[in-house]
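Here are my notes on the model you sent. Keep the structure open as you read, and check each point by eye.

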Amino acid sequence: GSTQIEVSDRQVAEVRQVKVDGKQQLTMPEVYAANVNSVVSINVSTTTNVFGRTTESAASGSGFFITKDGYILTNYHVIEGASTVKVTAYDGTTYDAAVIGGDEDYDIAVIKVEGTNFQPVVIGKSGSVQIGETVAAVGNPLGELTFSLTVGYVSALDREVTMSNNVTMELIQTDCAINSGNSGGALFNLYGEVIGITNAKYSGSSGSGASIDNIGFAIPINSVRSIVDSIIEKGYVAKPYIGVMVSDVSDEAKSYGTPAGAAVVSVTEGGPAEKAGLQANDIITAVDGKEISGKSGLSSSIADCAAGDKLTLSVYRQGQTLTVTVTVGEQTTSALANQQQQQQQQQQQQTMPDIFGFGG
């Protein structure tokens with residue numbers, strides 16, 4: 001007439017408060033505890049005035065502190081066109097944030113809140129990430145499940161993904177759960193370092209009707225480091241470049257013995273590549289001794305550089321293999337160009353006559 005339920009008497013260990021030093025691997029509770037105070041949720045509102053009718057929309061995203069004095073890294077698409085930006089820290093404090101600048105092509109933006117004692121993340125090296133590594137995303141999924149941790153693996157590297165704005169990016173693929181609202185959040189490795197910025201996912205179903213699950217993406221942190229530094233230090237976007245337009249070598253050309261690589265379509269007059277001696281129809285087969293299979297490999301190598309760095313290129317030209325050394329240059333644009341253009345468009349819309357009789 002009796003039964004018994006076994007109850008564990010295991011003593012649960014407390015989570016250590018550890019400092020991220022890049023030397024010791026951490027447990028996932030330790031990764032979270034070491035970084036949750038560096039992560040913020042972001043809420044933006046966008047006001048549009050068309051022909052006298054004002055509409056306001058809201059959106060949410062994630063971000064993380066990269067300096068003690070309040071600079072925060074997030075996605076460009078999170079703050080694009082925003083009239084107000086507010087961030088909320090783990091302790092519940094909400095701050096007004098100013099947009100410092102961003103770059104739509106790389107989908108990154110820097111915003112800033114006032115303060116001097118924030119806890120920044122430790123930036124890792126995405127170039128050393130391996131497929132199969134355990135990673136964790138911390139962010140604000142759905143705009144309401146703040147400071148959520150999801151864990152998975154690195155599924156692929158240098159994955160070419162075409163975004164909704166038709167920009168193609170080379171991203172880290174992960175099976176971490178990434179949802180709307182996670183955009184701009186940090187992707188951590190087991191050392192507690194940031195190696196990526198979560199920015200996209202596949203959703204819905206494939207063309208055959210198969211359900212799509214757990215295919216998320218993150219921007220490799222190495223590919224945007226120099227741009228972020230430029231926005232903060234110089235107030236403009238500076239991108240590394242060598243001045244070539246390239247394409248993948250076609251399968252037909254490879255069937256005739258042409259090596260795989262980045263085929264040079266054109267060379268910018270006066271640019272670093274022309275000065276180094278690169279020519280149209282050259283095929284770049286390796287960068288600093290590492291073979292590349294196409295244009296994505298070249299783009300990734302250049303993105304990891306800063307102005308003044310030198311790249312040693314292996315070049316196939318008319319049956320011969322040459323070695324060319326290129327000094328990486330710098331292209332600059334306004335960090336706020338797109339934001340200013342959107343504001344001007346809104347102002348123009350506000351001053352247009354009420355030709356459709358909406359009233360105001």
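Which residue stands opposite Leu 187 in β11? Ala 137 does.

This is a predicted model, in which local features need pLDDT of at least 70, side-chain atom pairs count only at pLDDT 80 or more, and totals for chains, interfaces and linings use all residues. Residues are numbered from 1 along each chain as its sequence is written, and side-chain values use heavy atoms, with hydrogens and water left out.

1. **Overall make-up.** The protein has seven helices and 21 strands. These are DSSP runs, numbered from the N terminus: helices are H or I with at least four residues, strands are E with at least two. Of the 360 residues, 42% are buried. Buried means under 20% relative accessible area, exposed means over 50%, and partly exposed lies in between (1.4 Å probe, protein chains only).

2. **Surface and contacts.** The accessible surface comes to about 18800 Å². Carbon and sulfur atoms hold 46% of that surface. Areas come from the Shrake-Rupley method with a 1.4 Å probe; for residues, only the protein chains shown count as cover. Now take contacts (heavy atoms within 4.5 Å). Among those between residues at least 6 apart in sequence, 62% join residues at least 24 apart.

3. **The barrel.** Six strands close into a barrel, in the order β8-β9-β10-β13-β12-β11. The pairing is antiparallel. Two strands count as paired if DSSP finds at least two bridges between them. From one strand to the next, the twist averages 50 degrees.

4. Start with β8. Six bridges join β8 to β9, and Val 138 has Leu 149 in β9 as its bridge partner. Three bridges link β8 with β11, again antiparallel. Five of the six residues of β8 are buried. Elsewhere, β12 (residues 194-201) pairs with β13 (residues 216-220) over five bridges. There, Thr 198 has Ala 218 as its partner in β13.

5. **Helices on the sheet.** Helix α1 (residues 28-35) packs on the sheet and touches β8 (134-139), β9 (148-162) and β11 (186-188). The direction of α1 makes about 40 degrees with that of β8. Helix α6 (residues 295-303) lies across β9 and β10 (168-174), at about 85 degrees to β10. Axes are lines fitted to C-alpha atoms, for helices over the stretch in contact; angles run from 0 to 180 degrees between N-to-C directions.

6. **How covered is α1?** Six of its eight residues are buried. They are Met 28, Glu 30, Val 31, Ala 33, Ala 34 and Asn 35. Note that the list includes Glu 30 and Asn 35.

7. **The cores.** A nonpolar core is a set of buried Ala, Val, Leu, Ile, Met, Phe, Trp, Tyr and Cys residues joined through side-chain atoms within 4.5 Å. The largest core has 36 residues. Within that core, Leu 73, Ile 108, Phe 188 and Ile 197 touch the most other members. A second, separate core of 18 residues includes Val 264, Ala 273, Cys 305 and Leu 313. In soluble globular proteins, nonpolar side chains tend to be buried together.

8. **Phe 188 close up.** Leave out residues up to four places away in sequence. Phe 188 then touches several residues, among them Val 31, Asn 35, Val 121, Val 138 and Ile 195.

9. **An enclosed strand.** Why is β7 (residues 108-112) described as largely enclosed by the rest of the structure? Because five of its five residues are buried. Ile 108, Val 110 and Lys 112 lie on one side, with Ala 109 and Ile 111 on the other. In the hairpin of β6 and β7, Asp 107 takes a positive phi near 55 degrees.

10. **Two serines.** Ser 45 sits in β1 (residues 39-50). Ser 45 counts as buried because its relative accessible area is 12%. A polar contact of 2.4 Å joins the side chains of Ser 45 and Thr 84. Such a contact is a pair of N or O atoms within 3.5 Å; within protein, one must be able to donate a hydrogen and the other to accept it, and residues adjacent in sequence count only if both atoms are side-chain atoms. Ser 230 is in helix α3 (residues 225-234) and is buried, at 3%.
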